[in-house]
Amino acid sequence: MEVAYYPGCSLHQSSQFYDLQARRIFKELGITLIEINDWSCCGATSAGKFDDFLAVALPARNLGIAEQSGFDRMLIPCSGCYSSHLMAKTRLARNEALLSEINNELAAKVDNTLTLLTILELLLDAASTGRFDSKITRPLTGMKPACYYGCMTRFAYDVPVSDNVENPQGMEKILELIGAGTRDWSYKTACCGASAAINDTETALNLMGKIMKNAVESGFNCIVTTCPMCQLNMDAYQNAFCKKFGIEKRLPVYFLTELIGVAMGIPLEELNGHRHFIDTLGLVKELDLI
């Protein structure tokens, strides 16, 4: 099965290993990700702060490319990219004048027939059709992950989503499928500060510190996410915010794709798990998962 794939800027830069993992995991599941040709930056959450028109036009260009390439579904692993594309798609569906104005400037016109998928939606679809059957060779016994979705589960206005925006459960379902123990916690959709880590570091460190403090106090032995910004912040700034909050323990911050790979018997090194700031190999070795 082939699915259109929009990696976005993060997966081609700071989170390249997430891109590698996504391609590898879905290949194992019999799903080929076809990166759309000549995609461009969608503006993520920043575009809308400066130009409301560009916030729609930038992702619309990618929607048109995917549709005119013959795809009916497109995977967008990055939470920010998914949000910008979904909101643009929704606004275009509700505003024919805006759709016409944008299409007048696009070589690949938007028909608005494309279904956008988060990485969790595609994984859950794969699970429901039995694609995980026989693939899980090392159930993640002893893994106690804090499922961290971040704040991008929520949107600026009403859009169609498949999970509860305040208490999502998709990650828990996948982790339970691969043998990890999950439970609810209070900070699963809390904001990590996102790009404020650059221009308002103090505020971002305070937000990240509260998340980590609660995760440690709740007895989790790792954090797992599907958002590249959340992963980068909670990993790269961990020593800084733990020092600020007096937190002695450090928790590895995995992408969900990494833990699926481990459960499939793929060495974490092959998934570039060694490229994290906080060690990810120690816990896996401690639990005898490699």
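Student: How do strand 6 and strand 7 pair, and over how many bridges?

Tutor: In this model, which is a predicted one, strand 6 (residues 222-225) pairs with strand 7 in the parallel sense, and the pairing runs over three bridges. Within that pairing, Thr-225 stands opposite Phe-255 in strand 7.

Student: What holds strands of a sheet together in general?

Tutor: Strands of a sheet pair through backbone hydrogen bonds, and the pairing can be either parallel or antiparallel.

Student: And what sheet do these strands belong to, in what order?

Tutor: They belong to an open sheet of three strands, which has the order 5-6-7 and parallel pairing. Strand 5 (145-147) and strand 7 (253-255) are the edge strands, each of them pairing on one side only, and the twist from one strand to the next averages 35 degrees.

Student: Which helix lies across strand 6 and strand 7?

Tutor: That is helix 11 (residues 228-236), which lies across both strands and runs at about 160 degrees to strand 7.

Student: Moving on to helix 13, how many of its residues are buried?

Tutor: Helix 13 (residues 256-263) is mostly covered, with eight of its eight residues buried. They are Leu-256, Thr-257, Glu-258, Leu-259, Ile-260, Gly-261, Val-262 and Ala-263.

Student: What do those buried residues pack against?

Tutor: The buried residues of helix 13 pack against strand 6 and strand 7, and also against helix 2 (16-28), helix 7 (119-128), helix 8 (170-177) and helix 14 (281-286). Helix 13 is then followed by Gly-265, whose phi is positive, near 85 degrees.

Student: You mentioned helix 2, so where does Asp-19 sit, and why does it count as buried?

Tutor: Asp-19 is found in helix 2, and it counts as buried because its relative accessibility is 12%, whereas the cut-off for buried is under 20%. Leaving aside neighbours within four places in sequence, Asp-19 is in contact with Tyr-5, Pro-7 and Leu-11.

Notes:
Residues numbered from 1 in each chain as written. Predicted model: local features only at pLDDT ≥ 70, side-chain atom pairs only at ≥ 80, totals over all residues. Heavy atoms only, no water. Pairing = 2+ DSSP bridges. Helix = DSSP H or I, 4+ residues; strand = E, 2+ residues; numbered from the N terminus. Axes fitted to C-alpha atoms, helices over the stretch in contact; angles between N-to-C directions. Contact = heavy atoms within 4.5 Å. Buried < 20%, exposed > 50% of the residue type's maximum accessible area, 1.4 Å probe, protein only.
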